[in-house]
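Me: I have a structure here and would like to understand how its parts hold together. Could you take me through it, one question at a time?

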Amino acid sequence: MSGILVGGSPSLKKPKTTQIYGVEWNFGVASCLLSRLADATGLADPQPAVGSNAGSSPFDTLYPWSEMVEFNIVNDEVSHQKGDASFSRTSYDTCVRIPKFWYKVELGSSSYKLYIATGAEEGYALHPAFYRGDGKTRDYIYVGRYNTGGGYVTRSGIAPLVSLTRAVFRSNSAGKGADWWQYDIATYSAISMLYLVEYADWNSQTAIGRGYVDASAAINNGGTDGMAYHTGRAAGTDGLTAVQYRGIENLWGNVWDFVDGINFNGATPYFCLIPSRFADDTSTNYTGLSYNALATAGNVAYPTRQGVDASNSWLNLPTTGGGSDASYIPDGWWSNTGWRILLVGGYWSYASSAGLFARNASNASSTADAGVGGRLLFLP
């Protein structure tokens, strides 16, 4: 796909009211690092926190990152914000607000460029996490701070709910109320883009923290509650501590997260943006991509390149392997034949194969495992 330009030219003049932050990945070299582009040029690298220590990021004052804040959802309404006297991570469901943003992806013969814009710009698209074709354009979406716990809650101090199928998680997550759903591919894409532009590093384990990945069993939600800063890892041995990115705990490690709205028939991916239409083992109501993902026959591969569909450039999946857990995209990728679902992040013993970009498309929809859980999504 050499020379493909997705979404327009980065040289377009932009209004002063809109900022554009970008990164470029040269996949001709093995480095996990990306270079900063546009208004991100020259920004310092973020400094995640360990335990109660301070952290910092130049993106803390920049939209949309600056508005990623924890909220309680009470009686199906966005309620107490972190810092309010009534805010509680144990008494109420706790989610992280993600503000809408626009994006553009360019794929060249040797590089991948990703841009995030703060407003509508020619050649940019509103990320589909906020415009799903369900009749609403959302200013914000809300993702569970924690892995889903028993009773389908996102609260601190309880064990992640596991050993159930994706379909059961889907049904019971939606059963909480009209605006509750299960974590989906559009939301995962949005979070991944925000992380990648901020940290300019495919290796989330070295950039932020290894995650709870060198252990033998899951830990309860709340491992990062004692942190003062929104990003980093809890105090203790790296690899045996929970991590968080902008308040979202254990996006990698502890237990895999089911991701809904995406099905694979072998290496052929299909996606859906409307949660009420999510289903397993089907392409009905789903859209196919213009490329196939990397086929691994159930084995692990480490991606060296990702695909870009010109019509759906927000969804990038591995197309080429040959890397390692310390080069290119250093997180594992798995796929298999037949109808498959998607898990992300890795679990408690996945070591260096885990990470934000660990993606497992090798499991059947019947998968119900002690190392696989879920995450809630609130779409008011």
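Me: Which residues is Tyr 195 in contact with, leaving aside its neighbours within four places in sequence?

Reply: This is a predicted model, in which local features need pLDDT of at least 70 and side-chain atom pairs count only at pLDDT 80 or more, while totals for chains, interfaces and linings use all residues. Residues are numbered from 1 along each chain as its sequence is written, and side-chain values use heavy atoms, with hydrogens and water left out. Contact means heavy atoms within 4.5 Å. On that basis, the partners of Tyr 195 are Ala 200, Asp 201, Trp 202, Asn 203, Ser 204, Ala 207, Ile 208, Tyr 245, Leu 356 and Phe 357.

Me: Is Thr 187 buried or exposed, and which residue's side chain does it join in a polar contact?

Reply: Thr 187 lies in helix 2 (residues 185-199); helices (H or I, at least four residues) and strands (E, at least two) are DSSP runs, numbered from the N terminus. Because its relative accessibility is 0%, Thr 187 counts as buried. A polar contact is a pair of N or O atoms within 3.5 Å; within protein, one must be able to donate a hydrogen and the other to accept it, and residues adjacent in sequence count only if both atoms are side-chain atoms. At 2.6 Å, the side chain of Thr 187 meets that of Asp 184.

Me: Over how many bridges do strand 11 and strand 24 pair?

Reply: Strand 24 covers residues 375-378, and its pairing with strand 11 is antiparallel. Gln 182 stands opposite Leu 376 of strand 24. The number of bridges between strand 11 and strand 24 is 3.

**Salt bridges**

Me: What is the N to O distance in the salt bridge between Glu 198 and Arg 246?

Reply: A salt bridge is a side-chain nitrogen of Lys or Arg within 4 Å of a carboxyl oxygen of Asp or Glu, and the whole structure holds 23 of them. Glu 198 counts as buried at 0% relative accessibility, and Arg 246 does too at 3%. Between their side chains, the N to O distance is 2.9 Å.

Me: How many residues apart in sequence are Glu 249 and Arg 145?

Reply: Glu 249 forms a salt bridge with Arg 145, their closest N and O atoms being 4.0 Å apart. Glu 249 lies in strand 14 (residues 248-249) and Arg 145 in strand 10, so the pair ties together parts whose separation in residues is 104.

Definitions and conventions. Buried means under 20% relative accessible area, exposed over 50%, partly exposed in between (1.4 Å probe, protein chains only). Two strands pair if DSSP finds at least two bridges between them.
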